[in-house]
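Please look over the sequence and structure below. A short briefing comes after them.

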Amino acid sequence: MALRPNPTQSASSRGGLARPLTRRVLVFAALLGLLLLALVLGVAEGTVKIGALEVIQAVTGAVPNPIITELRLPRVLGAMLVGAVLGLCGAAFQGLFRNPLADPYLMGSAAGAAFGVTVAVALAGGLTAAFSTNAVFERIPVSATLFGFLGAVGAVALTLLLSGGASRTNDLILAGVLVSSVLTSLTTLLLLHDANRVFSVFAYTVGNLAFVGWDGVRSIATYFLLTLPLFFLLGRTLNALSLGEETARSLGLPLGRLKLVIIGAVTLLTASAVAYAGIIGFVGLVAPHALRRILGGDYRYLLPASALGGAVLLAFADLLARVLVAPAELPVGVLTTLLGGPFFLYLMWRGRAR
Amino acid sequence: MRDRGTEGLCVQDVSFAYRGKPVLEGVSLELHRGEWLALLGPNGAGKSTLLRVMAGLLVPQSGWVVLEHQPLAQYSSWERGQKLAFLLQTGAFPEDLTALETVRLGRTPYLGLLGREGKEDLEAIQWAMKVTQTAALRERLLSRLSGGERQRVLLARALAGRPRYLLLDEPTAHLDLHHQAEFSSLVAGLRAEDIGVLTVLHDPNLARTADRVVFLAGGKLKAVGAPAEVLNEELLRSVYGDWVRVRQLEGEPVVLLGGPR
């Protein structure tokens, strides 16, 4: 059998080693273009329309404009960061669990964050107080954000504990469902008999990017930059996992440790996003799912593309949430679910037709 | 006491229990490079467990697996992945990867988490796709291939690591007769590549062209030898019952099912 391929054959196949390269380049270029468009529109559009020149002047500091620098810019950047986190984490979990229906909240982080925030609200006496005074207790300067973060991380830790580590994927999913349900029940229990709290926590759980602010942008961006190198490490691992867990192990991958790395990175990222923006549904499910259809299942491309796609999706969703019923606002989490649901159905039907 | 083993992949007096229930009891076996070994036995005989023990995915409670004079447990997982390849019959396959992307994963033991493919990797990938006749399928998604095509791509994935030993768990289980024959001849051809192949099989007839047949029942080795010796009516009936008939056809044993006597 020919062990040494002839030169022409080898040259042509090298070109063919990638899925049509141009398609990948096009997809990434399109995503970056859309992201830029979302940034421009997001800053310019709103209750008060702002011209392009004013935007540039405000961003460069030539003519200060607090609507732009204090309200819109952090909000648009926050939407992009949260969307990127959800898209990236959704893709990572879909690979880890070998399940296209996995989302970043699968191991209980959303329910945990909601529980943490509810506790903070109960202690502070209201959502605005819990977030804006930056102090749940008068003497301890911690905000509801920290409670949300700790709640999310704690819930995932509990899920890991109950499933006896990360080795059995199905146990992880079951434990995640269990932890989520119990925490949701506890949240309900805390909210009983207090209409004010119910509304506060409800406003948080439907997702709202108004809370993010520069604090949130800085914080989420830090976690994002810290965990990003890990995701570069994970592309081949997630690809190998699609062959099945035992086969991936037979390829030499230290799966036990790698799975914990994935869960750890996803948890920190999701917790940081959820703590500031509340629970935003469907972005983490739809972005990776749609891009998988276009790009294929190679996670070395799917992970960064899902991050970009999530950012684009949430930035536009938030723009719509602000513009559709201006001067009022729709909760962005409700909007992503309303738009995401039909889109998901479309993907499902199209997938069936093929 | 374990000895250093002969050249090859040696299982020495291995016992394995799953939650206290013995699955393998004192099994010894050798797989040499360039030979095709068929592992037969009824359901629950411990075939798949033995395969996983040989692949280093399960650690036996007693006994040893020795790979080329060195205990398998002493190899790093990457080294083990370079020497041993494994094809399971779990039905798991990467739906959204193309055939080529799938085969490329076979180079993981050489590349680690981040390494980039070099000339040697590309040659191995090309060779694996050529041997399995999957080069024409390279851009097709695995979810769009027929069962036979997909199985050949998954075999190419296993071969792309240029393993010395290849362990296949019922590789023909879901294939029709044509594809069974095709796959069997493919496996037979791997002997010429100096690969030691072990296939777990359900159908004794598929084992006729193997070099040696190992018969496992109740976690114990019942027989090892040439197909003509092992595939005898007495042995097969003792395991499968009185339905089994063995007839000679052109000098080879053919296993048939009749009614119970």
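Predicted model: local features only at pLDDT ≥ 70, side-chain atom pairs only at ≥ 80, totals over all residues.

Residues are numbered from 1 along each chain as its sequence is written, while chains are lettered from A and ligands numbered from 1 in the order in which they are written.

**Nonpolar cores**
- The largest nonpolar core has 107 residues. Such a core is a set of buried Ala, Val, Leu, Ile, Met, Phe, Trp, Tyr and Cys residues joined through C-beta atoms within 7 Å. Buried means that 20 or more other C-beta atoms lie within 10 Å of the residue's own, with C-beta atoms placed from the backbone.
- Helix α4 (residues 66-96) of chain A supplies the largest share of this core, 17 residues. Helices are DSSP runs (H or I, at least four residues), numbered from the N terminus.
- Another core, of 73 residues, lies apart from it and includes B:Leu37 and B:Val213.

**Helix α4(A)**
- Of its 31 residues, 26 are buried.
- A kink of about 35 degrees lies at A:Arg72, shortly before the proline A:Pro74. The bend is the angle between axes fitted to the seven residues ending there and the seven starting there.
- A:Arg98 follows α4(A) and has a positive phi, near 50 degrees.

**Where the chains meet**
- In chain A, 29 residues are in contact with 29 residues of chain B. Contact means C-beta atoms, placed from the backbone, within 7 Å.
- α10(A) gives the most to the side of chain A that touches chain B, with 5 residues.

Key
Buried ≥ 20, exposed ≤ 12 C-beta atoms within 10 Å, placed from the backbone. Helix = DSSP H or I, 4+ residues; strand = E, 2+ residues; numbered from the N terminus. Contact = placed C-beta atoms within 7 Å.
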